[in-house]
Amino acid sequence: MPPHVVVRHSESLPLRYSFTPPSLRAVPAAVVRSTPLPLGYKLKMFWGLSEWFWQERLWFPVGLGWADLEDRDGRVYAKARDLWVALPIAVAFLIIRQIFERTVATPLAALLGVKEAVRLKAPHNPTLESYYCTITKNPSQTSITSLCKQTGYSERQVQRWFRRRRNQDRPSLLKKFREASWRFTFYLLAFIAGLASLIDKPWLYDLKEMWEGFPVLTVLPSQYWYYMIELGFYGSLLFSVASDIKRKDFKEQIVHHVATILLISFSWCVNYIRAGTLIMLVHDSADYFLESAKMFNYAGWRNACNYIFIVFAVVFIVTRLVIFPFRIIYCTWIYPVTVYEPFFGYYFFNGLLMVLQCLHIFWAVLIIKIAVRFLTNNEKVDDERSDKDETDLSEDEEDKCVKRDSTKNGPVQNGHSVHNNNHSHNHSHSHSHSHSKAE
């Protein structure tokens, strides 16, 4: 408990803290009124916590500190305050994305032949709508029986209503295509820009060079913009997560985005920039293959989708399961301890890398399953994470059941056949982000 803070409690009032001003410290506590902590004291506590968090022994090897990163003699070093630039960049990305999806992605979808599925709408029913919105989108058999009594519908009609209603909430094919095309464009340009900024750097070819002269490493303009643009992009993904397509690995994606943002920010603040640029390049190298496969899939170009996905799977496995753990993590986890004593920042940085590696393994399992099915059984490349439309198969089978019942027993009282004009589409696999970048 902070000094000079008196605890007050009564039967009628909740427990609270009170600050005793210096002029009243000699006064008995009984006569001191309960008052909240003043703003000045709270600020002092905040700055004290900030000073503890940024103390040099946490983030630097012994004998080095923040003073070593002060600009001098025309040499510029990374500063934590530089990261604020990423916020307006993230907002700019959100605006650019809206313009891109309307002026580029939508015409491209029409050019490639993306056809929107026709979805039958669920008829208005207040009882079912209330149940759908407040209780569950997938009622049990017992609940369906109860809803039948409340609405006068047959079981088949209730099941059909929920099926159509769920389909109404699923993202359209055009929305999926536009999202994939936006990410494809960014990942491709980011990979090209990252490769251009690193192609002449010695640490691209000898990873141990990333620690040469650490932490007194100057920041190049290309590194600055590579970092800020990547950080701004992942910030925009986090801002738009509520409106983006949600898949079964939604939670993993959130973890990936947060870990990526922390990793980029932390590596910038403590001048792990060479390692950070390599990590971002490795992750950007596979993502644009995935997004292009999804684009061709939504357009119905099955063969192009399948073969691009196989290329993506190979690149993903080589970069995320071979190069990343056995080259990059080796040079951030094993090699540095031969140069300096481990410190908190060393463990924190590598801990974030291990979080990303766990996500890589999770997504690699999904990718390998899909690739094996395609190569052995010639099955279509299908995204197991996607929430697929139920209309095509379910209602066709339902129509057959209705017709069969009608033939055997005459007209069905409460059931009726539904003409379905939906076009089936494949859903390509994506590990998405991840991300990760460094990711």
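**Contacts, cores and charges**

Tutor: Leaving aside residues up to four places away in sequence, threonine 332 touches Met210, Trp211, Ala275, Tyr346, Phe349, Asn350 and Leu353, where contact means heavy atoms within 4.5 Å. Before we go on: this is a predicted model, local features need pLDDT of at least 70, side-chain atom pairs count only at pLDDT 80 or more, and totals for chains, interfaces and linings use all residues. Residues are numbered from 1 along each chain as its sequence is written, and side-chain values use heavy atoms, with hydrogens and water left out.

Student: Is threonine 332 buried or exposed?
Tutor: Threonine 332 is found in helix H11 (residues 302–334); helices are DSSP runs (H or I, at least four residues), strands are too (E, at least two), and the numbering goes from the N terminus. Buried means under 20% relative accessible area, exposed over 50%, and partly exposed in between (1.4 Å probe, protein chains only). At 1% relative accessibility, threonine 332 counts as buried.

Student: How far apart in space are threonine 332 and tyrosine 346, C-alpha to C-alpha?
Tutor: Tyr346 is one of the residues that threonine 332 touches. The two are 14 residues apart in sequence, and their C-alpha to C-alpha distance is 8.0 Å.

Student: How are the rings of tryptophan 211 and tyrosine 272 arranged?
Tutor: Rings of Phe, Tyr and Trp (its six-membered ring) pair if their centres lie within 6.5 Å; planes under 30 degrees apart count as stacked, over 60 as edge-to-face and the rest as tilted. By this rule the count comes to 32 aromatic pairs. For tryptophan 211 and tyrosine 272, the centres are 5.3 Å apart and the planes at 90 degrees, so the pair is edge-to-face.

Student: How many residues apart are they in the chain?
Tutor: Tryptophan 211 is in the loop between H7 and helix H8 (221–239), while tyrosine 272 is in the loop between helix H9 (250–269) and helix H10 (273–298). Tryptophan 211 is buried at 7%, and tyrosine 272 is buried at 3%. The pair links distant parts of the chain, and the separation is 61 residues.

Student: Which residues have the most contacts inside the largest nonpolar core?
Tutor: A nonpolar core is a set of buried Ala, Val, Leu, Ile, Met, Phe, Trp, Tyr and Cys residues joined through side-chain atoms within 4.5 Å. The largest one has 61 residues, and those with the most contacts inside it are Met210, Phe233, Trp268, Tyr272 and Phe349.

Student: Which residues are linked with them in a network of salt bridges?
Tutor: Arginine 97 is buried, and so is glutamate 179. The network of salt bridges links Arg97 and Glu179 with Glu101 and Arg183.

Student: What is the relative accessible area of lysine 201?
Tutor: Aspartate 200 forms a salt bridge with lysine 201, with the closest N and O atoms 2.8 Å apart. Aspartate 200 counts as exposed at 55% relative accessibility. Lysine 201 is buried, its relative accessible area being 12%.

Key. Salt bridge = Lys/Arg side-chain N within 4 Å of Asp/Glu carboxyl O.
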